[in-house]
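These are my notebook entries on one structure. I set down what I looked up, entry by entry.

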Amino acid sequence: MTLRRRISVGVASVFSAFLALACILIYSTSAQYRKTEFIDRLQDKALTTAKLLIEVKEVDKQLLKLIDQNTIYKLLDEKTIVFDDTSNLIYSSLDDAKIQWNQNDLDLLKEKGFFYRNDNDKEVVGMFYNFEQRDYFVITSASDKYGRRKLSYLLYILLVTFFAGSILVWISTLFLIKNLLLPLENFKAQIVNISANKLNHRITGNKRNDEIETLANSFNSMIERIDGAFESQKEFTANASHELKTPLTRIAFQLEGMMQNYQHPPEVFTYLKNIKNEVHQMSDLINTLLLLSRLEKQEKGKDFEKVRVDELIFAAYEEMKKLDPLYDMKFEIVETEGGEYHMEVMGIKPLLQIAVNNLVKNAFLYASDNAIQVKIISGDATLKVLIENNGQTISKGEQMRLFSSFMRGSNAAKVNGYGLGLRITKRILQFHEADLAYESPSSLLNRFRIGFKI
């Protein structure tokens with residue numbers, strides 16, 4: 001889940017929880033208030049009935065029933081009964097409603113003086129009344145139909161408020177958080193454009209002097225330091241390689257002169273030849289370092305042109321034929337069914353030529369029969385190049401480190417090199433957004449697979 005969604009869900013959830021808590025508190029408070037108010041009304045009714053019946057001599061039972069029957073504020077399903085201290089029923093209102101009571105209710109009134117209970121949607125209140133040293137017990141019941149209806153309506157209003165408010169808050173929170181975090185989205189989009197070849201890019205903040213602006217400034221400072229470190233490293237590599245290249249060239253010329261102009265014993269001539277080979281290998285290594293330095297400074301997409309892959313392969317093969325005329329290459333072009341014929345890719349031709357040369361040279365050097373097979377598979381969206389040879393393969397562990405710097409496999413004991421060729425090839429192809437992989441379909445078959453996007 002993204003940060004924007006986590007914040008939105010968190011804020012909306014907290015609001016919904018508080019809104020639900022508020023609704024529950026309002027409903028429970030209203031329910032308690034309705035209950036307390038209705039109990040007070042029942043108590044007032046019981047007390048009024050007891051006073052009229054017991055204290056007012058002019059009011060007899062029939063008159064009291066008539067008063068009860070014509071009371072303006074009569075309660076729904078109201079019923080009142082009165083008992084004396086011997087538990088005899090001395091008064092019962094004319095209502096058809098019935099009150100469920102027993103001797104335990106009267107005993108409870110003697111002990112506590114009051115009780116309250118619910119009885120089949122009716123609320124019952126009992127109270128103790130004392131007059132002229134005699135005890136009386138009054139039990140009144142009624143249904144609070146209107147109070148409960150108001151409470152149900154309040155519950156409906158609260159539920160609608162909760163769900164409507166939650167939906168509104170969730171939607172508004174998503175839009176609000178999206179707008180607030182929009183600078184972060186722009187920040188992320190700008191970071192994607194930064195690479196090792198594009199460290200001069202700087203992040204623009206939102207100009208609001210907030211945390212995002214501070215983060216953008218800190219990130220720019222970090223990029224400046226990294227760019228400075230990269231530039232120092234590149235300059236050192238280029239300068240050191242350039243300074244080493246000149247004396248090595250002089251040494252090579254002097255060795256050539258010594259070998260051509262002077263007569264040497266066979267042993268000395270062999271030593272001079274070996275030294276010459278080492279000097280050439282060191283010169284190749286320095287050229288490789290210079291190439292890597294230039295490649296890291298090169299901007300992707302700049303100076304790209306259309307390059308024919310088959311021409312690169314044949315040019316590499318011609319270079320290898322100069323080293324050994326016995327080298328042989330089998331070449332094949334395969335078109336996928338329904339696909340279009342493609343031989344061109346976008347790139348920098350000199351760099352791609354170096355990459356192909358390295359792969360072709362590597363295939364010939366490690367081939368057991370001085371022969372390689374090259375196959376180009378042309379499709380609608382990709383162009384694949386397979387370079388194969390018959391020879392000793394490498395282990396799974398070595399395959400994982402094959403494209404690392406200075407990596408040489410167990411089958412490279414008799415082949416001179418520094419283990420940088422495949423690393424350079426990988427970097428060049430990555431620079432052109434192409435894939436490079438090594439495969440060994442069988443125990444004596446090596447295959448390099450290049451995948452270009454068309």
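**Entry 1: a salt bridge at D105.** I began with D105, which counts as buried because its relative accessibility is 10%; buried means under 20% relative accessible area, exposed over 50%, and partly exposed in between (1.4 Å probe, protein chains only). The side chain of D105 meets that of R117 in a salt bridge, 3.2 Å from N to O. A salt bridge is a side-chain nitrogen of Lys or Arg within 4 Å of a carboxyl oxygen of Asp or Glu. This pair links distant parts of the chain, with R117 in strand β3 (residues 114–119) and D105 in helix α3 (residues 103–112), 12 residues apart. Helices (H or I, at least four residues) and strands (E, at least two) are DSSP runs, numbered from the N terminus. R117 is partly exposed, as its relative accessibility is 23%.

**Entry 2: conditions.** I noted that the model is predicted, that local features need pLDDT of at least 70, and that side-chain atom pairs count only at pLDDT 80 or more, whereas totals for chains, interfaces and linings use all residues. Residues are numbered from 1 along each chain as its sequence is written, and side-chain values use heavy atoms, with hydrogens and water left out.

**Entry 3: the whole protein.** I recorded 11 helices and 12 strands. Of the 454 residues, 38% count as buried. The accessible surface comes to about 27600 Å², of which 56% belongs to carbon and sulfur atoms; such areas come from the Shrake-Rupley method with a 1.4 Å probe, and for residues only the protein chains shown count as cover. The count of salt bridges comes to 12.

**Entry 4: E439.** Which residues form salt bridges with E439? I found R447, with the closest N and O atoms 3.2 Å apart, and R449, at 2.8 Å from N to O. E439 lies in strand β11 (residues 435–442) and R449 in strand β12 (residues 445–453), so this pair ties together parts 10 residues apart in sequence. E439 is partly exposed at 22% relative accessible area, and so is R449 at 26%, whereas R447 counts as buried at 19%.

**Entry 5: strand β5.** I looked next at β5 (residues 134–143), where 8 of the 10 residues are buried. Strand β1 (residues 76–83) runs antiparallel to β5 and is joined to β5 by 6 bridges; two strands pair if DSSP finds at least two bridges between them. Strand β4 (residues 122–131) is also antiparallel to β5, with 9 bridges. I139 in β5 stands opposite I81 and opposite G126. The hairpin of β4 and β5 has 2 residues between the strands, and E132 takes a positive phi near 50° there.

**Entry 6: helix α4.** The buried residues of α4, including L151, L158 and F162, pack against α1 (3–55).

**Entry 7: M258.** I found M258 in helix α6 (residues 211–261). M258 is partly exposed, with a relative accessible area of 35%. M258 touches H264 and L272, not counting residues up to four places away in sequence; contact means heavy atoms within 4.5 Å. M258 and L272 are 14 residues apart in sequence and 8.4 Å apart in space, C-alpha to C-alpha.
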